[in-house]
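Please look through the sequence and the model before reading the points of this note. They are meant to be read in order, with the structure open beside them.

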Amino acid sequence: MRKDNADFRKEFQEFQDHLKHQETIHENLQKTLRDALSTIQLDLQAMKTQLASDKVATEATISTLKGTVGEMGHTLSGCTDDIVHMKTTIESLTATVTQLENKCEDLESRRNNIRIVGVPEGPDTCTTAAAALLKEAFGLEKEPVLDRGTLQPKPKSGERPRTIVCRFHYHSDC
């Protein structure tokens with residue numbers, strides 16, 4: 001029995017050693033887990049603080065951008081009003097330019113014309129008579145060549161004589 005007792009004690013001692021070893025492993029594992037948990041908690045706290053800081057910065061940026069967008073909308077509205085005004089002005093100026101071009105074209109077509117006013121009508125009031133009248137009035141060496149001569153509508157009795165409109169054949173005669 002002694003031998004059994006010694007074996008038992010030896011076995012019991014080995015078991016206790018094994019338990020102590022297991023307790024040491026368990027304690028080391030708990031210490032490692034506590035350290036890891038503490039590190040994770042610190043990291044999470046740092047991330048939470050960073051996220052809160054980033055949130056405040058993002059909200060400030062968004063607020064600034066909202067203000068900028070509002071200002072741009074107001075400015076764009078003003079630009080749109082200016083564009084509408086300029087468009088109206090351009091349309092008006094285009095109409096004026098068209099009118100002036102037409103007037104200029106009309107005046108250019110009359111460029112070689114001369115209006116003779118105050119000459120009493122007679123049977124010889126025509127192109128040849130107007131050419132002779134111009135030669136005499138301006139002291140020309142020869143009668144100018146006239147393409148045509150027309151009379152304005154006939155006046156009522158007692159009014160001034162009709163205007164004679166003649167067109168010079170040569171521009172140099174003007």
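**Notes on the model**

1. Cys126 counts as partly exposed, because its relative accessibility is 38%, where buried means under 20% relative accessible area, exposed over 50% and partly exposed in between, with a 1.4 Å probe and protein chains only. Cys126 sits in the loop between strand 1 (113-116) and helix 2 (127-138). From C-alpha to C-alpha, Cys126 and Ile164 are 8.6 Å apart in space, although 38 residues separate them in sequence.

2. A word on the source: this is a predicted model, in which local features need pLDDT of at least 70 and side-chain atom pairs count only at pLDDT 80 or more, while totals for chains, interfaces and linings use all residues. Residues are numbered from 1 along each chain as its sequence is written, and side-chain values use heavy atoms, with hydrogens and water left out.

3. The chain holds two helices and three strands, and read from the N terminus its elements follow the order α-β-α-β-β. Helices (H or I, at least four residues) and strands (E, at least two) are DSSP runs, numbered from the N terminus.

4. Strand 1 pairs with strand 3 (residues 164-168) in the antiparallel sense over four bridges, and pairing requires that DSSP finds at least two bridges between two strands. Within this pairing, Ile116 stands opposite Ile164 of strand 3. In a regular strand the side chains alternate between the two faces of the sheet. In strand 1, Ile114 and Ile116 form the covered face, whereas Asn113 and Arg115 form the uncovered one.

5. How many aromatic pairs does a search of the whole structure find? The search finds one, and the rings of Phe8 and Phe12 make a stacked pair because their centres are 6.3 Å apart and their planes stand at 20°. Rings of Phe, Tyr and Trp (its six-membered ring) pair if their centres lie within 6.5 Å, and planes under 30 degrees apart count as stacked, over 60 as edge-to-face and the rest as tilted. Phe8 and Phe12 are separated by about one helical turn, because they are four residues apart in helix 1 (residues 2-109). Phe8 is exposed, with a relative accessible area of 51%, and Phe12 is partly exposed at 40% relative accessibility.

6. For the chain as a whole, buried residues make up 9% of its 174 residues. Of the contacts (heavy atoms within 4.5 Å) with a separation of 6 or more, 45% come from residues 24 or more positions apart.
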